[in-house]
Amino acid sequence: MVKIDTSDIKDKALLLSSLERKYQYLFDHMAEGFALCEIICDEKNIPCDYRILEVNKAYEKQTDIEANAIVGKTVLEFYPGIEKYWIKMYGDIDFTKESRSFIYFNHNTGRYYDTSAFPYENGQFALLFKDITEQKQLEQENNDANEEKQKRADELGLANIELAFQNKEKDKRADELILANIELAFQNKEKDKRADELILANEEKERLFQKLKRAASVFSSAHESIMITDSAATITEVNDAFSYITGYSPDDVLGKNPRILQSGRQSPEFYVEMWDSILTKGHWHGEIWNRRKNGDIYPEMMTISAVKSDTDLVQHYISVSTDITDIKTYQGQLEHIAHFDSLTNLPNRVLLADRLRQAMMQCQRRNLSLSVAFLDLDGFKEVNDLHGHNLGDELLVAVSQRMKDALREGDTLARIGGDEFIAVMIDLEKPEDSEPVLERLLKSAAYPITVNDIEMQVSASIGVAFYPQNGVTADQLMRRSDQAMYGAKQAGKNRYHHFDIEQDNAVKIQLENIDNIRSALDRGEFVMHFQPKVNMRTSEVIGVEALIRWQHPVRGLIPSLKFLSAIDGHAISLEMGEWVIGAALSQISQWRSIGINLPISVNITAYQLQQDNFAKRLAVLLSAHPEVPPHRLELEILETSVLSDINRVSATMNACHDLGVRFALDDFGTGYSSLNHLRHLPAHMIKIDQSFVRDMLDDADDLAIVKGVVGLAKAFQRDVIAEGVETISHGVALLQLGCELAQGYAIARPMPADDIPEWVSNWKADDSW
């Protein structure tokens with residue numbers, strides 16, 4: 001499952017909810033009256049009337065007209081005598097998209113209104129007005145005061161004529177005139193103050209209107225499904241994306257509870273936990289399965305948030321979700337490709353390992369046994385050589401189906417490569433209980449097969465090991481059944497052979513090999529070779545992979561595949577792994593001293609990575625080379641190495657990442673849950689397993705896997721490199737798929753460190769790349 005990053009969705013939802021509460025409150029309580037209207041045109045498209053669509057409470061208060069009395073009616077229906085001038089002016093506002101401000105006197109109410117008209121959407125305009133009757137009255141009072149002033153001036157003139165005779169009256173009238181002037185100045189100042197307040201109020205209402213409009217646009221234009229409920233979880237609003245995803249129109253769901261979307265896949269406990277999170281934490285995030293209107297069940301990644309008031313009371317719940325059906329489908333297809341054999345559709349080695357571990361735990365709980373049968377087809381190579389690979393493949397399909405039918409319910413048959421199969425038989429009370437099944441397997445494998453009138457026949461050699469009698473781990477059981485199979489071959493084929501004491505000799509040999517390797521490490525017989533990694537399109541050498549070799553004094557140069565498996569899981573492997581890391585850091589330092597700045601990648605075993613002190617030991621190794629930037633060291637881990645405890649491995653990788661060291665996920669596509677690994681593991685590079693790359697030119701399934709891995713890498717923003725690029729044609733095909741990084745014999749074979757500088761200076765990508 002892909003983890004969808006929904007932080008942006010949640011932010012949008014919170015913003016929308018906050019704005020909605022704020023702007024709705026302002027709309028209901030703003031002092032200015034508000035009316036939203038739409039233009040009505042005649043047959044010549046000339047405005048002839050307009051209809052009132054919506055008004056606020058201030059409109060009702062200032063006009064003494066209730067909303068239900070006027071909303072939905074035209075102005076001519078309500079004011080038949082209205083002048084045509086107003087209809088034409090509002091039509092011009094809609095046409096020019098230019099706002100206008102004016103003083104409007106309502107003859108019906110006898111009141112003045114300071115009005116702003118501005119365009120809203122095509123065919124609509126909005127009116128914002130404020131009752132300024134009191135302001136007009138103040139203006140009238142001012143006029144009266146001016147008249148009084150003039151009157152006083154006239155009286156002053158008379159007083160001057162009578163000045164000689166009425167000195168006391170002159171002084172009195174002069175004082176009255178001064179007081180009148182002071183009062184007039186005060187009134188003028190108050191008038192100016194109220195005018196400034198009106199301007200600021202108009203600017204604020206325009207700003208709030210634009211914010212409200214933007215919030216509505218976010219809600220309606222979002223690609224995520226958004227559903228809003230009241231505090232009782234009753235749906236009050238949904239956006240277009242909700243209807244598109246669910247199939248429900250707003251009329252279908254408004255006033256209903258979101259439980260109408262429930263699919264039945266989640267238990268009641270699931271919803272109890274979900275609501276517990278919402279009520280205690282204020283939010284919930286997770287994956288949920290819902291049902292569309294047509295009955296289809298689909299997965300969603302959903303976030304539910306509680307919107308609270310300033311008093312901490314829940315006012316709304318907002319759900320923001322994304323349909324992840326395509327991601328789920330793609331994940332299922334990729335997992336099937338990665339865990340089932342493309343030819344026979346049987347489980348492959350990875351899925352077999354998981355089922356075997358599960359079966360072993362089940363047997364342990366029930367105190368029963370199980371057997372692991374390793375089957376190798378006798379004579380299959382001859383069939384391939386004689387009749388060709390196509391008929392050989394059809395033979396494999398037919399034989400595998402017959403062998404599968406020979407097993408009991410609950411048993412597993414897996415193809416692990418070529419003509420090799422492993423059968424797991426569970427719930428055995430005693431080892432002998434597996435013999436009837438083994439006989440049926442031999443019979444089904446040896447039955448003649450006819451394809452295109454050609455009769456072909458093979459047989460099977462089977463090696464059998466029992467749990468818990470012959471081993472305590474899945475790997476031990478498979479290795480010992482493999483060894484027993486060779487006993488069946490040597491005994492004449494077409495038979496089964498049980499693991500016996502002779503296999504203990506192999507253990508002794510392994511211990512001897514471990515001692516030899518320890519001695520070789522002490523004597524300094526191990527050396528490093530390096531295989532370049534390049535960008536096929538730009539000819540850039542992006543780094544090298546370090547590969548250990550054993551410079552044996554007698555056997556010569558021995559590749560790692562010949563000796564590393566002998567020490568896997570043993571303490572010596574940890575010492576060997578640290579030696580390799582130290583050698584890689586020393587080589588980085590040496591190359592940097594001569595101007596070559598190449599990163600080196602080192603392979604890390606699952607056993608070493610899962611050590612509790614791995615990050616600490618890595619820090620010690622890095623501190624011994626302070627001149628080397630940590631990011632020049634890359635650690636390659638097998639995808640299958642994280643199967644046992646992905647959380648523990650992820651924590652270790654993050655600790656190393658904090659040191660500056662980077663990770664690459666090797667053999668990608670062979671793990672049990674590759675998509676899950678991409679989501680949780682901090683690996684910057686994905687390496688496509690060479691088993692897929694090698695056959696991609698001839699095998700459509702391998703080509704599909706490579707294409708899928710490249711697509712996943714791009715989707716998760718990871719670098720991707722193909723290993724095992726053996727020919728120029730492989731490189732061409734990879735470039736066509738969008739994979740530019742590669743390593744393999746078509747580029748360069750592993751070489752000693754001293755050969756790298758000359759190779760780097762001379763290498764150039766093939767012209768066809």
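## Helix α12

Helix α12 covers residues 349-366, 18 residues in total. At 1.5 Å a residue it should span 26 Å, and its end C-alpha atoms lie 25 Å apart, which agrees. The expected span is 1.5 Å times one less than the number of residues. Helices (H or I, at least four residues) and strands (E, at least two) are DSSP runs, numbered from the N terminus.

This is a predicted model: local features need pLDDT of at least 70, side-chain atom pairs count only at pLDDT 80 or more, and totals for chains, interfaces and linings use all residues. Residues are numbered from 1 along each chain as its sequence is written, and side-chain values use heavy atoms, with hydrogens and water left out.

## Ends and cover of α12

At the start of α12, a side-chain oxygen of Asn-348 comes to within 3.2 Å of the backbone nitrogen of Val-350. Just after the helix, Asn-367 has a positive phi of about 60 degrees.

Buried residues in α12 are Val-350, Leu-351, Leu-352, Ala-353, Leu-356, Ala-359, Met-360 and Cys-363. Buried means under 20% relative accessible area, exposed over 50%, and partly exposed in between (1.4 Å probe, protein chains only). Their cover includes helices α11 (325-339) and α16 (474-490). Strands β11 (369-378), β12 (412-417), β13 (420-428) and β16 (459-467) are also among the covering elements.

## Asp-230

Asp-230 sits in strand β6 (residues 225-230). Its relative accessible area is 26%, so Asp-230 is partly exposed. The Asp-230 side chain reaches the backbone nitrogen of Thr-234 at 2.9 Å.

Setting aside neighbours within four places in sequence, Asp-230 contacts Thr-236, Gln-315, His-316 and Tyr-317. Contact means heavy atoms within 4.5 Å. Asp-230 and Gln-315 are 85 residues apart in sequence, yet 6.1 Å apart in space, C-alpha to C-alpha.

## Cysteines

The structure has zero disulfides (a disulfide is a pair of cysteine sulfur atoms within 2.5 Å). For Cys-41, the nearest cysteine sulfur is that of Cys-48, 6.6 Å away. Cys-41 counts as partly exposed at 34% relative accessibility. Cys-48 counts as partly exposed at 28%.

## Whole chain

The protein chain has 27 helices and 27 strands. Its radius of gyration is 42 Å, whereas a compact globule of 769 residues would be near 27 Å. That radius is taken over C-alpha atoms, and the globule rule is 2.2 Å times the number of residues to the power 0.38. Along its principal axes, the C-alpha trace spans about 155 × 65 × 55 Å.

Buried residues make up 44% of the 769. Of contacts with a separation of 6 or more, 61% join residues 24 or more positions apart.

Technical notes:
Polar contact = N/O pair within 3.5 Å; in protein donor to acceptor, adjacent residues only side chain to side chain.
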